[in-house]
Amino acid sequence: MALTQRLIPSLARASALYRPLVSSNLCRGVGLRYASSESKKPQPSIDVKTIGVPMDLYIQPVPSHIPPFYKNPKLASVSLWRRFVAFIKNTVFIAQFRMKSKISPRFVEWRNLALETYVDTNHAFASQKLDLVQDRLSLWVHEALKSRLASIPRGTKMSWKLIKFNSTPKIVSIQPLLLPGKPLTDIQIVYRIESRQRIARIAPGEKEPHVVESDVVDYAAFSFDASKTPSRVFFAGTLFESPITAPVPAPNDSASAMMTSMKVKGDIFRQPPPTAVPSTN
């Protein structure tokens, strides 16, 4: 609660900076937003570390979750259109970031930083040593992981191992972040990360650990401060793949809605909602 109360004034200012990108039929109803540079007077700065995932995003289903055109032409057409709009949106947002920040996108660097942070966060949580990655976690992810560790029975030991990445991580969403009191140098990217992982857990009194090895799909969001080289990176939160029948989330820029979104999505180990496509196989 203290974290929420401390950030309400800052997020109220930040939410006021979001404006519709365009109002054409192409983008109407698909939630296209961007950080506007309009500001009339100096404002206290907000560090990107305090920003989680501030809004609901439509996460395009993978092809295997979309019915073939001959079986359901309506859903197949909707999926194709949404994929096209997502491509246009990401392209425009990257152009906007390049133009307003004067910074060339460093996609390879950002991806490598994101993957390193993803792996290190899982290791740190399993070893119950969040301080090892605290400087790379958003406040929302750090608070959520602390709460989860506090709920684990005392004496429980865990280990986590990345077996392999099943595919090259893919960019799902790109969002420039213009925060009050500073120029545009921050950007948030959602990656689809497919991997095979092994988790072992042994509780007090047990002789053998419980080991689970599975394929995992995470839609992980990372915020980057590109004014530094290499960029500062923060694990902002996670999302879930949207069902093909789900509507595109309506934009909501109120401070309270942003707070709720960042708190929920900051809990990166939460279970998917009933309407979401499962993220593990």
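## An aromatic cluster around Trp 110

Phe 97, Phe 107, Trp 110 and Phe 224 form one aromatic cluster in this predicted model, where local features need pLDDT of at least 70, side-chain atom pairs count only at pLDDT 80 or more, and totals for chains, interfaces and linings use all residues. Residues are numbered from 1 along each chain as its sequence is written, and side-chain values use heavy atoms, with hydrogens and water left out.

Across the whole structure, a search finds seven aromatic pairs, a pair being two rings of Phe, Tyr or Trp (its six-membered ring) whose centres lie within 6.5 Å, with planes under 30 degrees apart counted as stacked, over 60 as edge-to-face and the rest as tilted. The rings of Trp 110 and Phe 224 have centres 5.7 Å apart and planes at 20°, and the pair is therefore stacked. This pair links distant parts of the chain, since Trp 110 belongs to helix α3 (residues 107-126) and Phe 224 to strand β6 (residues 210-225), 114 residues apart. Both Trp 110 and Phe 224 are buried, where buried means under 20% relative accessible area, exposed over 50% and partly exposed in between (1.4 Å probe, protein chains only).

## Overall architecture

The secondary structure comes to five helices and seven strands, with helices (H or I, at least four residues) and strands (E, at least two) taken as DSSP runs numbered from the N terminus. Read along the sequence, these elements follow the pattern α-β-β-α-α-α-β-β-β-β-β-α. Buried residues make up 48% of the 281 residues, and the accessible surface comes to about 14600 Å², of which 58% belongs to carbon and sulfur atoms; the areas come from the Shrake-Rupley method with a 1.4 Å probe, and for residues only the protein chains shown count as cover. Among contacts (heavy atoms within 4.5 Å) with a separation of 6 or more, residues 24 or more positions apart account for 73%.

## Strand pairing

Strand β4 (residues 170-177) is mostly covered, with six of its eight residues buried, and seven bridges join β4 to the antiparallel strand β5 (residues 186-202); two strands pair if DSSP finds at least two bridges between them. Within this pairing, Ile 174 has Ile 189 of β5 as its bridge partner.

Strands β6 and β7 also run antiparallel and are joined by seven bridges, forming a hairpin with six residues between them. Strand β7 (residues 232-239) is mostly covered, seven of its eight residues being buried, and Arg 232 in β7 is the bridge partner of Asp 225. The loop between β6 and β7 holds Pro 230, and the peptide bond from Thr 229 to Pro 230 is cis, with omega near -5°.

## Two nonpolar cores

In soluble globular proteins, nonpolar side chains tend to be buried together. A nonpolar core here is a set of buried Ala, Val, Leu, Ile, Met, Phe, Trp, Tyr and Cys residues joined through side-chain atoms within 4.5 Å. The largest such core has 36 residues, and those with the most contacts inside it are Trp 110, Ile 187, Tyr 191, Phe 222 and Phe 224. At least two residues of this core are supplied by each of α2, α3, α4 (139-150), β3 (157-165), β5, β6 and β7, and the largest share, nine residues, comes from α3. Leaving aside neighbours within four places in sequence, Trp 110 is in contact with Phe 97, Pro 105, Ile 187, Ile 189, Tyr 191, Phe 224, Ala 226 and Ser 231.

A second, separate core of twelve residues includes Met 55, Val 62, Val 190 and Tyr 219. Val 62 lies in the loop between β2 (33-35) and α2 (73-101), and Val 62 counts as buried because its relative accessibility is 15%. Not counting residues up to four places away in sequence, Val 62 touches Arg 192, Tyr 219 and Glu 241, while the C-alpha atoms of Val 62 and Ser 242, 180 residues apart along the chain, are separated by 9.7 Å.

## Local backbone and charge features

Most residues other than glycine have a negative phi, and most peptide bonds are trans. Lys 102, in the loop between α2 and α3, has a positive phi near 65° and counts as exposed at 71% relative accessibility. Gln 128, in the loop between α3 and α4, has a positive phi near 60° and is partly exposed, with a relative accessible area of 36%.

The charged end of Arg 82 sits over the ring of Tyr 58, 4.6 Å from its centre, under the criterion that NZ of Lys or CZ of Arg is within 6 Å of the ring centre and within 35 degrees of the ring normal.
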